[in-house]
Amino acid sequence: MLGIGRLVERPWVVDGALAVRTVTELTISFDHRVCDGAEAAAFLTFVAGCIERPISLLADL
């Protein structure tokens with residue numbers, strides 16, 4: 001199961017300076033008997049990348 005939190009504006013450090021960025025929390029739940037934690041972490045990283053750069057979905061075949 002994948003949970004995506006609400007989008008909120010928070011202070012974020014960008015290139016050493018504070019900036020306001022929209023952020024969310026991603027949570028994943030999976031059965032460790034079926035799926036390795038590294039695979040689940042890789043999937044969550046992929047989802048985060050798709051949220052950050054949705055145009056990359058069009059170029060990634």
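Phe-43 is a residue of helix α1, where helices are DSSP runs of H or I with at least four residues and strands are runs of E with at least two, both numbered from the N terminus. The model is a predicted one, in which local features need pLDDT of at least 70 and side-chain atom pairs count only at pLDDT 80 or more, while totals for chains, interfaces and linings use all residues. Residues are numbered from 1 along each chain as its sequence is written, and side-chain values use heavy atoms, with hydrogens and water left out.

With a relative accessible area of 41%, Phe-43 is partly exposed, a class that lies between buried (under 20%) and exposed (over 50%), for a 1.4 Å probe and protein chains only. Together with Leu-2, Ile-4, Phe-46, Ile-51 and Leu-57, Phe-43 makes a nonpolar surface patch of about 560 Å². Such a patch consists of residues with over 30% relative accessible area and no salt bridge, in which nonpolar side chains (Val, Leu, Ile, Met, Phe, Trp, Tyr) are joined within 5 Å and like charges within 9 Å; a salt bridge is a side-chain nitrogen of Lys or Arg within 4 Å of a carboxyl oxygen of Asp or Glu, and accessible areas come from the Shrake-Rupley method with a 1.4 Å probe, for residues with only the protein chains shown as cover. Strand β1 (2-4) and helix α1 (37-52) each supply at least two residues of the patch, and the largest share, three residues, comes from α1.

Elsewhere in the chain, strands β2 (residues 8-14) and β3 (residues 17-23) run antiparallel and are joined by seven bridges, where pairing requires that DSSP find at least two bridges between two strands. Val-8 stands opposite Val-23 in β3, and the two strands form a hairpin with two residues between them, Asp-15 in the turn having a positive phi of about 55°.

The cysteines can be followed next. A search of the whole structure finds zero disulfides, a disulfide being a pair of cysteine sulfur atoms within 2.5 Å. The sulfur of Cys-50 is 17 Å from the closest cysteine sulfur, in Cys-35, and is therefore too far for a bond. Cys-50 is buried, with a relative accessible area of 13%, whereas Cys-35 is partly exposed at 22%.

Taken as a whole, the protein chain has two helices and four strands, arranged from the N terminus on as β-β-β-β-α-α. Its radius of gyration is 14 Å, well over the 10 Å that the globule rule gives for 61 residues, so the chain is more spread out than a compact globule; the radius is taken over C-alpha atoms, and the rule is 2.2 Å times the number of residues to the power 0.38. Buried residues make up 10% of the 61 residues.
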